[in-house]
Amino acid sequence: MKKVYLAMSTDIIHHGHINVIKKARELGEVIVGVLADEAVAEYKRFPLLSFDERKTIIENLKGVKKVIKQDELDYVRNLRKIKPDYVVNGDDWKKGPQKSIRKRVIETLKEWGGELVEVEYTEDVVLDQLDNNLEKLGTTPDQRRMKLRKLIELKPIVRILEAHNGLTGLIAEKTKVVEGGKVESFDGMWISSLCDSTAKGKPDIELVDLTSRMNTINEILEVTTKPIILDGDTGGKIEHFIFTVKSLERIGVSAVIIEDKIGLKKNSLFGTEVEQKQDTIEHFCQKISEGKKAQVTDDFMIISRIESLILKAGVEDALKRAKAYIEAGADAIMIHSKIDTPKEILDFCEEYKKFEHKVPLVAVPSSYCQITEEELIEVGVNVVIYANQLIRSAYPAMVDTAESILKNKRAYEADDKNCMPIKEILTLIPGGK
Ligand code: SPV
Ligand code: MG
């Protein structure tokens with residue numbers, strides 16, 4: 001009997017999938033690779049049914065002999081294991097992010113003389129609509145809020161990108177690259193106090209109030225589905241923080257990060273160049289535990305950010321605080337550093353690894369940006385936040401354009417150098433025509 005392999009990621013089985021299985025069945029014994037939750041989330045949307053649920057459904061479909069897990073969108077690993085005579089797939093993957101995956105399948109099958117058989121893709125307007133609606137369901141507050149905890153469970157590292165308005169939210173939501181057979185994308189958004197303030201032309205000193213921050217959050221919520229982590233600065237007064245937690249939780253934000261500073265907050269990347277004061281352990285612990293008491297769901301996360309390395313209080317102090325904050329109920333710890341090497345973060349992580357009671361660890365490699373995600377995973381970091389790179393790259397391009405117009409007394413030079421075509425900007429956001 002010939003061996004036939006096909007991969008499935010769907011949580012809505014329809015006649016198109018049955019067609020593919022039927023075709024596969026005609027060719028031999030059918031083995032289905034069911035995509036892991038993480039792989040589906042990366043390339044499509046967060047699966048509504050878990051891997052186990054999807055596996056059970058597919059195992060019980062007529063004509064399916066065996067189901068195995070496919071850990072990534074790329075088929076190669078499973079193909080080399082099974083060495084099927086045929087791979088069957090819908091022909092829709094000739095376009096879009098799966099194009100390079102298809103190429104790798106064809107090349108791999110050549111190793112043992114296997115063959116790719118493509119079945120005409122079943123167009124179904126109603127099903128496409130249903131799938132779109134399911135994606136939109138992901139934007140309800142409950143669905144969105146719980147995604148961050150799930151991603152931390154699922155992924156070796158959760159990758160978060162800064163967003164400060166609808167457009168940057170869309171960049172975090174939609175940007176994808178295909179690398180070595182894997183679709184790489186961001187898992188969620190960081191609403192940075194630095195970038196939110198900067199975009200409003202204000203300093204990062206807790207001057208932009210919660211109402212204004214809420215407007216930014218809402219703008220991003222409106223056009224995206226991915227989870228949001230809010231930079232909550234110091235969290236303010238404990239009595240105020242309790243209300244902040246409730247407001248954020250209600251609109252579907254997944255987590256707030258609060259830093260253990262007190263008084264007039266300045267941006268951490270100034271370090272000790274400016275006067276900044278660290279909170280006492282007791283007071284900050286009280287803020288965490290009051291915040292935890294205020295939340296009503298199990299999903300929302302309060303993440304405690306330790307500023308000991310920023311304020312030159314040392315790794316020992318940071319570790320002591322991490323222990324206390326975890327004890328007080330922190331759902332994760334963010335450790336921050338402003339030196340230009342990862343050294344002190346690595347020192348912290350090495351000791352943190354030995355903690356008996358650990359929570360997920362968050363890192364923000366802005367000044368030590370040479371560190372790779374792989375290295376962060378190695379030292380036990382669970383969430384990486386790219387906290388300000390979008391605004392830092394947009395601003396120089398805008399200033400250059402403004403200067404070019406002034407110098408040349410026309411826009412021609414800047415148009416050529418820095419600007420996307422007008423047609424593209426008009427159609428960048430669908431629905432404008
Ligand atoms: C932010 O992005 O606002 C942060 C991170 O708090 S940092 O700017 O490094 O302090
Ligand atoms: Mg900040």
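**Close-up 1. Helix H19 in the nonpolar surface patch of the predicted model.** Four residues, the largest share of the nonpolar patch, come from H19, where helices (H or I, at least four residues) and strands (E, at least two) are DSSP runs numbered from the N terminus. The patch is formed on the surface by Leu167, Ile171, Met420, Ile422, Ile425, Leu426, Leu428 and Ile429, which together have about 730 Å² of accessible area. Two or more residues are given to the nonpolar patch by each of helix H9 (166–174) and helix H19 (422–428). Patches are made of residues with over 30% relative accessible area and no salt bridge, nonpolar side chains (Val, Leu, Ile, Met, Phe, Trp, Tyr) being joined within 5 Å and like charges within 9 Å; accessible areas come from the Shrake-Rupley method with a 1.4 Å probe, and for residues only the protein chains shown count as cover. Ile171, placed in helix H9, counts as partly exposed because its relative accessibility is 35%, given that buried means under 20% relative accessible area, exposed over 50%, and partly exposed in between (1.4 Å probe, protein chains only).

This is a predicted model, in which local features need pLDDT of at least 70 and side-chain atom pairs count only at pLDDT 80 or more, while totals for chains, interfaces and linings use all residues. Residues are numbered from 1 along each chain as its sequence is written, chains are lettered from A and ligands numbered from 1 in the order in which they are written, and side-chain values use heavy atoms, with hydrogens and water left out.

**Close-up 2. The magnesium ion (ligand 2) and its coordinating residues.** Ser193 (OG) and Asp231 (OD) coordinate the ion at 2.0 to 2.2 Å. Ser193 lies in helix H10 (residues 193–199) and Asp231 in strand S10 (residues 228–231), so the pair ties together parts that are 38 residues apart in sequence. Both Ser193 and Asp231 are buried. Donors are N, O and S atoms within 2.8 Å of the metal (3.2 Å for Na, K and Ca), and since water is not among the atoms, sites may look incomplete.

**Close-up 3. An open sheet of five strands.** The strands follow the order S3-S2-S1-S4-S5 with parallel pairing, two strands being paired if DSSP finds at least two bridges between them. Strand S3 (64–70) and strand S5 (115–119) stand at the edges with a single partner strand each, so one side of each is left without a neighbour in the sheet. From one strand to the next the twist averages 30°, with axes taken as lines fitted to C-alpha atoms (for helices over the stretch in contact) and angles running from 0 to 180 degrees between N-to-C directions. Strand S2 (residues 29–35) is joined to S3 by six bridges, and Ile31 has Lys66 as its bridge partner in S3.

Note on methods: A salt bridge is a side-chain nitrogen of Lys or Arg within 4 Å of a carboxyl oxygen of Asp or Glu.
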